[in-house]
Amino acid sequence: MSDLQDKIRDTIEQEPVVAFVKGTHEQVYCGNSDRALQALRSVGAGFAAVDVLPDPRIREELSTLSEWPTIPQVFVAGELVGGADIVQELALTGQLEATLDERLGDSWRRPGDERTVSVTEGPGLRVVPGG
Amino acid sequence: MSERLAGLLRTAFPGASEVEVIDRTGGGDHFHVTVVDAGFDGLSLVAQHRLVYDALAQPLRDGTIHELRITTRGEG
């Protein structure tokens, strides 16, 4: 078990809603990552983003943990909800809100509460201030 | 390339009522696949998509598929 994998796991377990994306919450470099974040925004969810681009090992370790081969990956309450296609579909059908309600109560309704956290720079989670 | 992916999906989902592979850009590396199979009934979308990823593991691993969109449905 690598330190990086520990940190990824900690982030998944500690953040109520976390999206692993290519880029940050302010600057996304991939259409699929953008679709996932837009889906979260469409229901008014606050979230933490993790940028997988700074180090290719982030993506490798994440996929080993999650058994999901592609980016983005969205987790709610420690559990994989899906990639861009699933999260978008769930948002359109109302099931994303239902899933968030079920797992997090009302606490996820934090529109605009977005930040990007690092899993490679320590100690602890480094918070990149939002704009 | 679309035919190869469709073949892999039909092998993995022999009972599927629909298997469709769309080359989204015409470049042979951005695909949208759709699989409708009664075997998906009762499975979460994550579980359904995992089965599709498993079926396409080889072209995903060797870089043939640069980007993959997935739509899955059960029959229920």
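Modeller: Happy to! Let's start with charge pairs: over all chains, a search of the whole structure finds 13 salt bridges, each being a Lys or Arg side-chain nitrogen within 4 Å of a carboxyl oxygen of Asp or Glu. Before going on, please note that this is a predicted model, in which local features need pLDDT of at least 70 and side-chain atom pairs count only at pLDDT 80 or more, while totals for chains, interfaces and linings use all residues. Residues are numbered from 1 along each chain as its sequence is written, chains are lettered from A and ligands numbered from 1 in the order in which they are written, and side-chain values use heavy atoms, leaving out hydrogens and water.

One of the salt bridges joins the side chains of A:Glu15 and A:Arg115, at 2.6 Å from N to O. A:Glu15 sits in the loop between α1 and β1 (17-21) of chain A and A:Arg115 in strand β5 (residues 114-118) of chain A, so this pair ties together parts 100 residues apart in sequence. Helices (H or I, at least four residues) and strands (E, at least two) are DSSP runs, numbered from the N terminus.

Now for the helix packing in chain A. Helix α1 (residues 3-14) of chain A and helix α3 (residues 56-66) of chain A have axes that come within 9 Å and cross at roughly 65°; the axes are lines fitted to C-alpha atoms over the stretch in contact, with angles from 0 to 180 degrees between N-to-C directions.

Between the chains, the contact takes nine residues from chain B and 14 residues from chain A. About 1,000 Å² is buried there, with carbon and sulfur atoms giving 59%; buried area is the accessible area (1.4 Å probe) that two parts lose on being put together, summed over both. B:Leu45, B:Arg50 and B:Tyr53 supply 47% of the area that chain B buries against chain A, more than any other three residues. Across this interface of chain B and chain A, the rule finds zero salt bridges.

The peptide bond from A:Ile71 to A:Pro72 is cis, with omega near 10°, and A:Pro72 lies in the loop between α3 and β3 (73-76) of chain A. A:Glu67 is found in the loop between α3 and β3 of chain A, and its phi is near 55°, a positive value in a residue other than glycine.

Notes
Contact means heavy atoms within 4.5 Å.
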